[in-house]
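Thanks for making the time this morning. I would like to walk you through one model, starting with its overall make-up and then moving to a few places where parts of the chain meet.

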Amino acid sequence: MIQLNHIHLQRGSKPLLEDASMVLHSGQRGAIVGINGCGKSTLLALLLGRIQLDAGELYLPPDWRIAHMEQDIHDPQRPARDYILDGHRPLRRLQTAIAEAELHGRHEQLASLHAELDAIDGYQQKHRAETIMLGLGFVSTDYDKPVGSFSGGWRIRLNLARALLCPSDVLLLDEPTNHLDLEAIHWLEQWLRQYPGSVLLISHDRDFIDATVDRIFHIHNLQIDSYSGSYSDFERQRAERLVLQQSLYQKQQQRRDELQQFIDRFRAKASKAKQAQSRIKALEKMQQITPVRDASSYHFTIREADRTASPLINGFDVSCGYNGNAVLQHCMLSITPGLRLGLLGVNGAGKSTLIKTLAGLLPPVAGELTISEFCRIGYFAQHQLEALDLDASPLLHLQRLSPEAREQDLRNFLGSFRINGDMAVSPVAPFSGGEKARLALAIIAWQKPNLLLLDEPTNHLDLEMREALAEALQSFQGAMILVSHDRYLLRHCVDEFLLVADGEARSFDGELDDYYRWQQARQTASRARADDKPRDNNKKQQRQDAAQLRQKLAPQKKIIAALEQKIGRLEQALALIEEQLADTGLYQDDQRDRLSRLLQDQGRQKTELEQLEQQWFDEQEKLAELETALAG
């Protein structure tokens, strides 16, 4: 087991832990949680031997093998698969010894070395490395690419794959889901459930924690509090503990008041002096119980827009891409107030491309995209932090947007994002990633958007801030399109999904669990087709059948596109009627005929819209059946 006894730990002059203790037993799976800066990563660095204790004791079994995620890449020219296999040091040691024995003709030694290789399942490690790579989102053509050719997020995945392949008794993971898409996170959860050793991880993804751990270590007030169960269990237990603490605090305060009153009343009386001294000692020995304070100081809102329109954005047969090359084609979108849309799809499918096109950062490659003059977009990009002026303060960022606003109002607003005091007037440059992310969200929330385009907004945010963001989005009255690998945010803030796959964006009828099943069925079908290829005796016939199915898809898509165009026109007409009906002058006696005509038009067009929407659903089902046949 891993055991910490009464440890003291600090970084520089900042104390992180004082007289703190924790135990992780063999086979347990724990998550370290707490606000950013409380010492979570420092604690892992201590377990890895990279820093030393200031006081206290650390016990690690001397024979335990520790695997962990590196943050840096040391050999950028190394092929990706070989780089992952390098993490399996016993394998590489034996392979080197075998090569040397073969070179010198040591046949007896070779037999022994091959037996050792077989004992560690060495002949299967290449396959295991490839399986892990596929699970984390790589494709077979990535196996031999040099590590340096991958972007930063994919290099982190390579380091994660290396840690998973390494034989270990305990696995230490610091934010393993960063840079992973939903599919890779789901795969990692399954892998960790089957891992036989102990796990200690840091994560700000509550769904991931719920799925993978059975113990929570909460760093709070320089202590480590231990809770059994998942993160959801931790929340319940902590709430109960806080209620008990508040009750004990109130009882203690009452008892302290009673003792103090007795002391004040009888200290000067000789007949009561002994009893007064006894109560003074009791008061001095009483262990102080702290009052319960608000668990989170994040309570912010997104300011509502002064005006809106319907639709905010309308897109007909839009193609999105870069430099004239389409990544997505035939997108049909009508973004109306109140829309709460989540984008699903693997990394690289085109989710961010679609968001950037709607935000006006990329021109459409083809099609018509109409943005209302009253559309006010709040856009949070994956790399939003890079757009901040590092030399400016948070207060100056807001003052540039609203020079007429009172400084105290701006400070109060920043304070709801926990940007207080001197921090509000300090340059942004030294801020942590989480602090910069809070400022970026504050800037968006201040600008009164009626359409939020959020591309991975929870990167760098701790659990408390993620929950505060979810609450703010739930209260937001405008439209929202969300790309996120945070399933808690998706489940609580999104009403419908759009699937981005195969160069298209289409409605997805289902929840996240349905999406996982769809993805697994797709992968199974893909593998089955790959297995059948060598046994294919009639490829020409297959190609002809596929061509016929594709020919059927084209007119079906045209039917759906035409319906969507009609639906869009009807929605615009209805919005215009509703705008006219909102005019109070329309309800005067001399306007009775006009009012009657408008109400009749409204009823007729609503009926027609319902019929068209039903027809659209029917045609979508036909399209899905054709696509399933084509995939088969």
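This is a predicted model: local features need pLDDT of at least 70, side-chain atom pairs count only at pLDDT 80 or more; totals for chains, interfaces and linings use all residues.

Let me begin with a definition: when I say contact, I mean heavy atoms within 4.5 Å. With that in hand, among contacts in the protein chain between residues at least 6 apart in sequence, 68% join residues at least 24 apart. Residues are numbered from 1 along each chain as its sequence is written, and side-chain values use heavy atoms, with hydrogens and water left out.

The protein chain has 19 helices and 18 strands, where helices (H or I, at least four residues) and strands (E, at least two) are DSSP runs, numbered from the N terminus. Of its 632 residues, 44% count as buried; here buried means under 20% relative accessible area, exposed means over 50%, and partly exposed is in between, with a 1.4 Å probe and protein chains only.

Let me turn to charged pairs. Side chains of opposite charge can pair when their charged atoms come close. How many salt bridges does the structure hold? There are 26, a salt bridge being a side-chain nitrogen of Lys or Arg within 4 Å of a carboxyl oxygen of Asp or Glu.

One of them joins the side chains of Glu189 and Arg487, at 2.5 Å from N to O. This pair links distant parts of the chain, since Glu189 sits in helix H7 (residues 182–194) and Arg487 in helix H16 (residues 487–493), 298 residues apart. Are these two residues buried or exposed? Glu189 counts as buried, at 3% relative accessibility, and Arg487 is buried as well, with a relative accessible area of 4%.

Asp486 has a salt bridge of its own, with Arg466, and the closest N and O atoms are 2.8 Å apart. Because Arg466 lies in helix H15 (residues 463–475) and Asp486 in the loop between strand S16 (479–483) and H16, the pair ties together parts that are 20 residues apart in sequence. Arg466 is buried, at a relative accessible area of 5%, and Asp486 also counts as buried, at 3%.

Arg491 counts as partly exposed at 41% relative accessibility, and Asp513 is partly exposed at 43%. Elsewhere, Arg78, Asp82, Asp86 and Arg92 are linked in a network of salt bridges.

Now to helix packing. Two packed helices are described by the angle between their axes and the distance between the axes. In what follows, axes are lines fitted to C-alpha atoms, for helices over the stretch in contact, and angles run from 0 to 180 degrees between N-to-C directions.

Helix H12 (residues 394–401) and helix H14 (residues 433–446) pack at an angle of about 20°, with their axes 10 Å apart. H12 and H14 are therefore roughly parallel to each other, on a scale where angles under 35 degrees count as roughly parallel, over 145 as roughly antiparallel, 65 to 115 as roughly perpendicular and the rest as oblique. Which residues meet there? Pro394, His397, Leu398 and Leu401 in H12 meet Leu439, Ala442, Ile443 and Trp446 in H14. By class, that contact has 7 nonpolar, 1 polar and no charged residues, with Ala, Val, Leu, Ile, Met, Phe, Trp, Tyr, Cys and Pro counted as nonpolar, Asp, Glu, Lys and Arg as charged, and the others, Gly among them, as polar.

H5 and H7 pack at an angle of about 135°, with their axes 9 Å apart, and that makes H5 oblique to H7. The contact is made by Arg128, Thr131, Ile132 and Gly135 of H5 and by Ala184, Trp187 and Trp191 of H7.
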